[in-house]
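Me: I am new to this structure and would like to learn how to read it. Please take me through some features, with the general idea before each case.

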Amino acid sequence: NPDIEAAKHAVLKDAFGFAGFRDGQEPVVDAVLNGHNVLAVMPTGAGKSLCYQLPALVKGGVAIVVSPLIALMDDQVAALRLAGQAAEAIHSGKSREDNVEIWRRVARGDVRLLYMSPERLMTPRMLAALEKLSPSLVAVDEAHCISQWGHSFRAEYLSLGALRESFPGTPIIALTATADRSTRDDIVGKLFGGQAEVFVSGFDRPNIQLTVAEKRRAGADIEAFVKARPGQSGIVYRISRKKVEDTAAALSAVGVRALAYHAGMSAEDRSANQEAFLAETGIVIVATVAFGMGIDKSDVRYVVHGDIPGSLEAYYQEIGRAGRDGAPAEAFMLYGLEDVRTRRRFIDEQDCEPDRRRVDANRLDSMIGYCEATSCRRVALLAYFGESGKPCGNCDVCLDPPDLVDGADAARLVVDA
Ligand code: ADP
Ligand code: MG
Ligand code: ZN
């Protein structure tokens, strides 16, 4: 439809002020405009909001947006208002009078995007009232909250499974940055009854060179890597507090400005080290997974993993702290069988349901598969997140392909014999 196509680009430029779509946005927007149910998986900061906001503005009427936190709702509403769009949120942080007044505007047709929590939306009264307004679409933001496999399960999200019966014919778009298969399948099952178009994009960080090396002596391997990169800001992840302390001390002993960070340190020491790392260039922070949440330092040149993480999701998040400025950066990981045993033991000793243990064991298997990949690591990493890619030329396997027995020839030899 040429009218919709024109409206789409007009809204992108005039309402949002963007020159073009980012990688992955347009196919999602098109699917929603075509009335399909969609799950969009894109990393944080990739621009998921636009994927429902733009169709909402093109379609007119009122779109309902489900969001788990008042702060998130208020942020989005403020950003839309700045862009001159009629957005509102109804939530418990406002007076009853304010919420009633907002509802009046919604009922008059003056609001394009209405934000709400799942528990507020899924009451029979609210659903009945909204049904009369024929919403243009329903967007479920932070959709991983519906999955028990995610890290932020919210029981209220489960009730959203009734949405597709509450608004038959209205497209539902779910958005999340959490991309592993079990979570994704869980979202599609619970929210869409198994039927949705799934789009995954934006996970590639081509400037980060990926390397996995055999772990011989972790201390010496890490030291060699760090010393070869003097003056660079870097992060070294270790699996335990003890290893963090030891590695930081060893690096300091050879003249590297290394600072430790783990949950066993006092809050003051931790934040002093973090502040120093953020403020200066050339500090190496040696840390457990406790480090990194919300860290936005653009010139981190490398992330070293002295021990394997428990999942590719964790790994991806951690290496994603490197090279935010787009300049070349490195992700260097040491891989040894001892780590695999340690991780398996963590999972076995976990006090949890058997299902959870199975999911975690699968995640670890994917991590091991990545470490043992004999073709492009980036292709393997992206494939795990459901995104496809071509051999990257910027990972250890692409740059230095391993000598492999040619499987096809070997098979033929066996057959011929
Ligand atoms: P996410 O929800 O995926 O974490 P957001 O939707 O909050 O990301 O968007 C992150 C930032 O990217 C916002 O500042 C937004 O304005 C910007 N952005 C989104 N789409 C585009 C685009 N097509 N062009 C330029 N900037 C964009
Ligand atoms: Mg978002
Ligand atoms: Zn590659």
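Me: Is Ala 220 buried or exposed?

Reply: A residue is buried if 20 or more other C-beta atoms lie within 10 Å of its own, exposed if 12 or fewer, and partly exposed in between, with C-beta atoms placed from the backbone. Ala 220 has 10 C-beta neighbours inside 10 Å, so Ala 220 counts as exposed. The model is predicted: local features need pLDDT of at least 70, side-chain atom pairs count only at pLDDT 80 or more, and totals for chains, interfaces and linings use all residues. Residues are numbered from 1 along each chain as its sequence is written, while chains are lettered from A and ligands numbered from 1 in the order in which they are written.

Me: Which helix holds Ala 220?

Reply: Helices (H or I, at least four residues) and strands (E, at least two) are DSSP runs, numbered from the N terminus. Ala 220 belongs to helix α11, residues 218-227.

Me: Where does Ser 134 lie, and what is its phi?

Reply: Ser 134 is in the loop between α7 (124-132) and β5 (138-140). Its phi is near 40°, a positive value in a residue other than glycine. Ser 134 is exposed, because 11 other C-beta atoms lie within 10 Å.

Me: Is Glu 142 buried or exposed?

Reply: Glu 142 has 21 C-beta neighbours inside 10 Å and therefore counts as buried. Glu 142 sits in the loop between β5 and α8 (155-158), and has a positive phi of about 50° although it is not a glycine.

Me: How many residues of helix α17 are buried?

Reply: In α17 (residues 377-384), seven of the eight residues are buried. Among them are Arg 377, Val 379 and Tyr 384. For packing, two residues are in contact if their C-beta atoms, placed from the backbone, lie within 7 Å. The buried residues of α17 pack against β8 (208-214), α14 (312-319), α16 (354-371) and α18 (396-399). After α17 comes Gly 386, with a positive phi near 90°.

Me: Which residues surround ligand 1?

Reply: A residue is near a molecule or strand if its C-beta atom, placed from the backbone, lies within 6 Å of it. The residues around ligand 1 include Phe 18, Arg 22, Met 42, Lys 48 and Ser 49. Helix α3 (residues 48-59) gives the largest share of this shell, three residues.

Me: How many helices and strands does the chain have?

Reply: The chain has 19 helices and 13 strands. Buried residues make up 41% of its 417 residues.
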